[in-house]
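Let's take a walk through this structure one step at a time. Have it open beside you as you read.

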2 protein chains.
Amino acid sequence: MAVPVRRGRGRRPAEEVRAEVLAAAGALLLDAGMAGFTFERVAALSGASKMTLYKWWPSKGALALDGYFAAVEQTLTFPDTGDIEADLRTQVHAFAGLMTGTSAGRVVAELIGQSQTDPDLAAAFRERYSAPRRALAVTAMVRAQGRGQLRADVDPEIVVDQLWGACYHRLLIPDLPVTTAFVDGLLRNVLRGIAPREPVTADR
Amino acid sequence: MAVPVRRGRGRRPAEEVRAEVLAAAGALLLDAGMAGFTFERVAALSGASKMTLYKWWPSKGALALDGYFAAVEQTLTFPDTGDIEADLRTQVHAFAGLMTGTSAGRVVAELIGQSQTDPDLAAAFRERYSAPRRALAVTAMVRAQGRGQLRADVDPEIVVDQLWGACYHRLLIPDLPVTTAFVDGLLRNVLRGIAPREPVTADR
DNA sequence: CCGCATGTGTACGCCTCGTCCACATCTGTG
DNA sequence: CACAGATGTGGACGAGGCGTACACATGCGG
């Protein structure tokens, strides 16, 4: 009897739909995790049709990644104070804090997990998440090498794997937790290994 | 009309069934990957009933892990030649070689990926895979500290994350490949950071 | 030699996937 | 301003995996 004002069929502005889908995807991801994240549910939540989702996103993982970015505002900056050790310290601690203190850690871990069997997600993740971050850290280190703060024979790419890889290791294979003490010890070991012969800053 | 000799119904020796299931699981895992790995298929391949599988294994991941162990004979040794640097070098290179040279790398990556949303697999993986390996490396390093080959203030657990974590990082988030040059550079950086003040072995 | 524990075949309801259709509505072009 | 085409919607479909249940056959232990 009651006639709904909006029957909901027919074309809707793409921007509007896209925004609602991303919001729904982000929300679902945050509180259901990758396990309960499904095209079906996102469609239901957002009020969009499954077909639209399949048209715009190649895989469940790719949609989840977009949802993640929409949910957590990413600033993506790398300070350059002129002191590479301090900057790396700041960044790694911030990263570890984000991964352990918020639900972002769980989500990122599940995205990486899903990307092992979802090529589209893997590509999207590399392109939009890991590669940019890696590049920021690397350029900062290259500049530091120019200033003589880092040994010239050290490959910055490898340092990235040492620092962030170690954190991801504990995040993905949680034999041991990511603690502040862990991050401090990690930074100490790594910095000691890549500093010039006579360390610029004496540690301890 | 033709009467099959073995109707296949009724009880079968548990050992026999278990062996066949593990063989089937391993084979399926190796050539279909975690994507095509399903209870249904393992049951069909092994000739066992789905119900039996559900009874013995709590999740698809747990079954896959057992299948993996059955498929690749794991030796799990850590040499102790008295030279910790050489031993770590050997171990990390062997690990990297296994991960890149065989299909084991793909499978392990997918197992870790799956474990992000499968608590049973995560527990089994930690208990039967990562923890034992970590322990081997750690005890070797503790012994080395006793011999004065490693700084006493270094936490061996963290070194494990630096070395293996870095490799896993490139395995799971393949921005860059795991090459011999990478492993060499990694070892150089790490060893330089954990060696006593005057390095026991001069590198370069 | 017999009873019972245990695995087997089979079937079921539920869910997700990925695709398809007919239709409603927005958008831009003349 | 009107109309035609582009685009999203609702609804439905078959395939396939999940997880469970039941009745039956058979090996093993007493």
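Eleven residues of domain 1 of chain A are in contact with 13 residues of domain 2 of chain A. Keep in mind as you look at this meeting place that the model is predicted. On the domain 1 side, the elements giving two or more residues to the contact are α1 (14–32) and α4 (60–71) of chain A. Of these, α4(A) supplies the largest share, five residues. And what kinds of residues does domain 1 of chain A bring to the side that touches domain 2 of chain A? By class, there are eight nonpolar and three polar ones, and no charged residues.

Now step back to see how the two parts are laid out along the chain. Domain 1 of chain A covers 14–71, and domain 2 covers 84–194. Going by C-alpha atoms, the centres of these two domains of chain A are separated by 27 Å.

Next, zoom in on a pair of helices. For α6(A) and α7(A), the angle is about 130 degrees and the axes are 7 Å apart. Which residues meet here? From α6(A) come A:Leu111, A:Gln114 and A:Ser115, and they meet A:Leu121, A:Ala122 and A:Phe125 of α7(A). Sorted by class, the residues of this contact are four nonpolar and two polar, with no charged ones.

In all, 38 residues of chain A are in contact with 38 residues of chain B. The elements of chain A that give two or more residues to this side are α6 (104–115), α7 (119–146), α8 (156–172) and α9 (180–194). It's α8(A) that gives the most, with twelve residues. The side of chain A that touches chain B has 18 nonpolar, eleven polar and nine charged residues.

Finally, how are the two chains related? Turn chain A by 180 degrees, with a shift of 0.0 Å along the axis, and it can be laid on chain B with an RMSD of 0.0 Å. That is the relation of a two-fold axis. The same surface serves both copies, too: 100% of the contact residues of chain A recur in chain B.

Definitions and conventions
Residues are numbered from 1 along each chain as its sequence is written. Chains are lettered from A and ligands numbered from 1 in the order in which they are written. This is a predicted model: local features need pLDDT of at least 70, side-chain atom pairs count only at pLDDT 80 or more; totals for chains, interfaces and linings use all residues. Copies are superposed by least squares on the C-alpha atoms of residues with pLDDT of at least 70 in both. Two residues are in contact if their C-beta atoms, placed from the backbone, lie within 7 Å. Helices (H or I, at least four residues) and strands (E, at least two) are DSSP runs, numbered from the N terminus. Ala, Val, Leu, Ile, Met, Phe, Trp, Tyr, Cys and Pro count as nonpolar, Asp, Glu, Lys and Arg as charged, and the others, Gly among them, as polar. Axes are lines fitted to C-alpha atoms, for helices over the stretch in contact, and angles run from 0 to 180 degrees between N-to-C directions. Domain bounds come from an automatic or database domain assignment.
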